[in-house]
Amino acid sequence: PFGIDDALADGGGAMVLVGFAVRPVDGETIDDLADAMFDAGHDVGPYLDMSRLTPDGARLAWRLTLPTQRTLPFLIDWGDTLRPNVTQPGGVELVDVTIVHPRPFDVLGILAALSLDITVTEPEPGGAPGLRATLSGEAGELTL
């Protein structure tokens, strides 16, 4: 559902960022975020309830929407489950995200409705829409 097979085929086997998530904060709900996106002109579609067991047997559960466009976020709500960025050793920090879109104004209103400060640029001539993100961790920085 995230288009990973298509992204791998397009990227020739290179590491490709296929989507990004936004989660509720400070008393928001996933419904609040979905409503904000809808009011800005984007329907997030249906919600999915998902879960998995960790190697030590703990159950992780979350609710999410599936990405409808690679250049727009999907929504995720971890509920009472600890988020992976809290439970993973070492941790990874998101340094920067850029959305590459042929019509930047098509996504800027949606990002503003979610209070996201993300750079949106047009693709280079012959380039395709997509995402770029820089992550930082113990081994240094990585840009996808």
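**Close-ups of a predicted model**

View 1. Val-107, Ile-110 and Leu-111 are the buried residues of helix α4, which covers residues 105-113. Looking down the axis of α4, you'd find these buried residues within an arc of 100°, so they line one face of the helix. (That arc is taken from the directions from the helix axis to the C-beta atoms.) Over on the other side of α4, Phe-105 and Ala-112 are exposed. Here buried means under 20% relative accessible area, exposed means over 50%, and partly exposed is in between, using a 1.4 Å probe and protein chains only. Helices (H or I, at least four residues) and strands (E, at least two) are DSSP runs, numbered from the N terminus.

A quick note on the model: it is predicted, so local features need pLDDT of at least 70 and side-chain atom pairs count only at pLDDT 80 or more, while totals for chains, interfaces and linings use all residues. Residues are numbered from 1 along each chain as its sequence is written, and side-chain values use heavy atoms, with hydrogens and water left out.

**View 2. What α4 packs against.** The buried residues of α4 pack against α2 (30-39), β5 (93-100) and β6 (119-121).

**View 3. The largest nonpolar core.** This core has 21 residues, and Phe-20, Met-37, Leu-75, Ile-99 and Ile-118 touch the most other members. A nonpolar core is a set of buried Ala, Val, Leu, Ile, Met, Phe, Trp, Tyr and Cys residues joined through side-chain atoms within 4.5 Å. α2 gives the most to this core, with five residues. Skipping neighbours within four places in sequence, Ile-99 is in contact (heavy atoms within 4.5 Å) with residues including Phe-20, Val-107, Leu-111 and Ile-118.

**View 4. The largest pocket.** About 1,200 Å³ of space lies in this pocket. Of its 34 lining residues, Phe-20, Ala-21, Val-22, Arg-23 and Leu-94 are the closest to its centre. β5 gives the most to the lining of this pocket, with five residues. On a 1 Å grid over the protein atoms alone, a pocket is an open set of points with protein on both sides within 12 Å along at least five of seven lines, and lining residues have an atom within 4 Å of a point. Grid points are joined across faces, edges and corners, and a volume is the space filled by probe spheres set on the points.

How values were computed: On a 1 Å grid over the protein atoms alone, a cavity is a set of points where a 1.4 Å probe fits but cannot get out, and a pocket is an open set with protein on both sides within 12 Å along at least five of seven lines; lining residues have an atom within 4 Å of a point.
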